[in-house]
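Keep the viewer open as you read.

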Amino acid sequence: MSTLLHIDSSVRAVSNTNPDHNSISKNIALRFIETWKQHRPKDEYIYRDVGVNPPDFITQDWIGAVFTPDEKRTSEQKERLALSDKLIDEVSAADVIVISSPMYNYGMPAQLKAWFDQIVRINKTFDFDLSRGDFPLQPILSGKTLITVTSSGEFGFEKGGVREDSGHLTPHLRTLSKYLGVDTMYEIASEYQEFGDDRHRMSVANAKDRAECLASELSISAPDSSLKSESAGSDLGITL
């Protein structure tokens, strides 16, 4: 049995009275999740909608608690880190992580960044050693597979695209993924939302099809404990 961690970050709901306001990224991710569950109904499933229920932003007191040794933390400091501990436990338990995110102002939503800030934490998800020279940070977790689902109003954010230099969402997710313990990453993207034309409809349809196909491929071939050995060789993924 595997553990699937699903993080949504759009402020929009999956379904609204006005369908034009439905979250595209959440609906594409839902297609992946539903397909996965069809093949692996016994897998543990953990869900967080950080767009609707955002984690707290980190503060000076939060940082102070993080850098206080465990045995010296006050009860107040332990309480301040309780959410962070919980979120890290969820990531640690996961074999597969699905993160859906719209592009807001060419990057990730503040709510998703807050989730990452609670998780990327010294001696929990990375350690720090100056003997490594100019690269003292090293991830602690490993062996996980990440599927990112993104939606954007414009288009051409891929390498070589007309807006390659403006797209900071997926590159940021790639950079931070190593602190989640990700070895292999798969990307699903929809574009053209602001145009509302056939290109947009085709992009969303293709993204949903890719989500379904990818979920089928990975869920069927996955061993019970991890996807690492199966997914690392797939031409659909990026080995980090």
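Is Thr 35 buried or exposed? Before settling that, keep in mind that this is a predicted model. You will find Thr 35 in helix H1, which covers residues 24-39. Thr 35 is buried, and its relative accessible area is 5%. The cut-off for calling a residue buried is under 20% relative accessible area, so the 5% of Thr 35 falls in that class. Setting aside residues up to four places away in sequence, Thr 35 touches Glu 212, Ala 215 and Ser 216.

Those contacts lead us to helix H7, made up of residues 198-221. Helix H7 has 24 residues, and from its first C-alpha to its last it reaches 34 Å. That is close to the 34 Å expected at 1.5 Å a residue. Which residues of H7 are buried? They are His 200, Ser 203, Val 204, Ala 207, Ala 211, Leu 214, Ala 215, Leu 218 and Ser 219. Ala 215, then, is a buried residue of H7 and one of the residues that Thr 35 touches.

Tyr 192 counts as buried, at 17% relative accessibility.

Another residue with positive phi is Asn 105, where the angle is near 50 degrees, again in a residue other than glycine. Asn 105 sits in the loop that runs between strand S3 (96-102) and helix H5 (110-119). Is Asn 105 buried or exposed? With a relative accessible area of 77%, Asn 105 is exposed.

The buried ones are Gln 111, Leu 112, Ala 114, Trp 115, Phe 116, Gln 118 and Ile 119. What do the buried residues of H5 pack against? Their partners are strand S1 (3-8), helix H2 (60-66), helix H4 (82-93), S3 and helix H6 (169-177).

Asp 117 also belongs to H5, but it is partly exposed, with a relative accessible area of 22%. Leaving out neighbours within four places in sequence, Asp 117 is in contact with Ile 58 and Trp 62. Asp 117 and Phe 57 are 60 residues apart in sequence, yet 7.7 Å separates them in space, C-alpha to C-alpha.

Gln 111, buried in H5, points us to one more residue: Gly 51 touches Gln 111, along with Asp 8, Ser 9, Ser 10 and Val 11, when residues up to four places away in sequence are not counted. Gly 51 is in the loop between strand S2 (44-49) and H2. At 8% relative accessibility, Gly 51 counts as buried. Gly 51 and Val 11 are 40 residues apart in sequence but 4.5 Å apart in space, C-alpha to C-alpha.

Now zoom out to the whole chain. The protein chain has eight helices and eight strands. Its radius of gyration is 18 Å, close to the 18 Å that the globule rule gives for 240 residues, so the chain is as compact as a globular protein of that length. Along its principal axes, the C-alpha trace spans about 60 × 40 × 40 Å.

How many of the contacts with a separation of 6 or more are between residues 24 or more positions apart? In the protein chain, such pairs account for 73% of those contacts. Buried residues make up 46% of the 240 residues. The accessible surface comes to about 12,300 Å², and 49% of that belongs to carbon and sulfur atoms.

Technical notes. Residues numbered from 1 in each chain as written. Predicted model: local features only at pLDDT ≥ 70, side-chain atom pairs only at ≥ 80, totals over all residues. Heavy atoms only, no water. Helix = DSSP H or I, 4+ residues; strand = E, 2+ residues; numbered from the N terminus. Expected span 1.5 Å × (residues − 1). Buried < 20%, exposed > 50% of the residue type's maximum accessible area, 1.4 Å probe, protein only. Rg over C-alpha atoms; globule rule 2.2 N^0.38 Å. Contact = heavy atoms within 4.5 Å. Areas by Shrake-Rupley, 256 points an atom, 1.4 Å probe, with all protein chains shown as cover.
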